[in-house]
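Hello,

Here is the structure I promised to pass on. Have a look at it first, and then read my notes below.

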Amino acid sequence: MPLTDKRITELNDHDGFDGSISNRNHRYSEVSAIYYIWKNIKTPYIGISHYRRRFFLTDELLEKYMEEGVDIIIPEPIFLPNSNKEKYIEAHYGYDWTLTLQLIKELSPAYYDTALNFSESNGFYPCCMGIYKREVFDHCCSFLFTILERFYQLREEKKDIYQRRDVGFIAERLFSIYFIYHKNDLNIIESQLRQLTSKSDPEEEV
């Protein structure tokens with residue numbers, strides 16, 4: 001069942017059927033929308049952004065990338081003062097990260113060495129954003145949601161409202177692992193992001 005009876009768009013009329021996990025939004029965050037797109041939107045390209053984050057791209061540049069056969073456009077990486085593992089443990093629950101590595105080893109073992117290296121490195125791709133060729137998006141989501149579904153089953157819902165978004169936090173790291181693993185066999189472009197402020201503030205670029 002949906003988490004709320006309030007309806008703001010016609011899209012919400014589809015909540016709660018087999019192609020939706022909107023009832024898990026409190027744990028999946030924006031990834032519940034990515035799941036919906038994966039299951040229901042059948043277009044040659046899929047683009048994911050945030051309401052206040054946009055790729056720094058022009059129509060002309062997008063056309064150029066399409067002509068060049070680019071597979072994915074993703075945000076430029078950000079670099080942390082410590083490792084991805086240390087940052088995750090500092091901000092969230094250490095066992096969640098340990099469990100995620102175990103699930104990658106069990107369910108997607110080809111990615112395990114990349115996951116270990118990512119764990120000890122300090123760069124990652126933020127925001128779960130990307131512009132994908134359809135077949136690449138399908139492949140990425142298959143990897144992503146196989147692990148997230150098992151994580152969701154094994155970890156009880158946390159009491160803290162912020163930490164309750166655990167599946168979404170893990171998803172952001174899984175996207176990074178996927179992009180790093182495929183950096184040599186997919187044509188991947190990194191793009192700057194721009195941050196939109198409120199209507200009363202000037203637009204900021206990041």
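A word on terms before the findings: buried means under 20% relative accessible area, exposed means over 50%, and partly exposed lies in between, with a 1.4 Å probe and protein chains only. This is a predicted model, in which local features need pLDDT of at least 70 and side-chain atom pairs count only at pLDDT 80 or more, while totals for chains, interfaces and linings use all residues. Residues are numbered from 1 along each chain as its sequence is written, and side-chain values use heavy atoms, with hydrogens and water left out.

First, the chain as a whole. The protein chain has eight helices and nine strands; helices (H or I, at least four residues) and strands (E, at least two) are DSSP runs, numbered from the N terminus. Of its 206 residues, 43% are buried. A contact here means heavy atoms within 4.5 Å. Taking contacts between residues at least 6 apart in sequence, 74% join residues at least 24 apart.

Most residues other than glycine have a negative phi. Cys-127, however, has a positive phi, near 80°, and sits in the loop between strand 5 (123–124) and strand 6 (130–133). Cys-127 counts as buried because its relative accessibility is 11%. Ser-29 also has a positive phi, near 55°, in the loop between helix 1 (25–28) and helix 2 (31–40). With a relative accessible area of 14%, Ser-29 is buried.

Next, a histidine to look at. His-182 lies in the loop that runs between helix 8 (166–181) and strand 7 (188–191). Its relative accessibility is 8%, so His-182 counts as buried. Leaving aside residues up to four places away in sequence, His-182 touches Tyr-111, His-139 and Ile-188.

Finally, the surface. Asp-59, Glu-60, Glu-63 and Glu-67 form a patch of negative charge there. Such patches are made of residues with over 30% relative accessible area and no salt bridge, with like charges joined within 9 Å. A salt bridge is a side-chain nitrogen of Lys or Arg within 4 Å of a carboxyl oxygen of Asp or Glu. Asp-59 belongs to helix 3 (residues 59–67) and is exposed, at 57% relative accessible area.

Happy to talk any of this over.

Best wishes

Methods
Patch = residues over 30% accessible without salt bridge, like charges linked within 9 Å, V, L, I, M, F, W, Y side chains within 5 Å. Areas by Shrake-Rupley, 256 points an atom, 1.4 Å probe, with all protein chains shown as cover. Lys, Arg positive; Asp, Glu negative; His and termini not counted. Charge placed at Lys NZ, Arg CZ, Asp CG, Glu CD.
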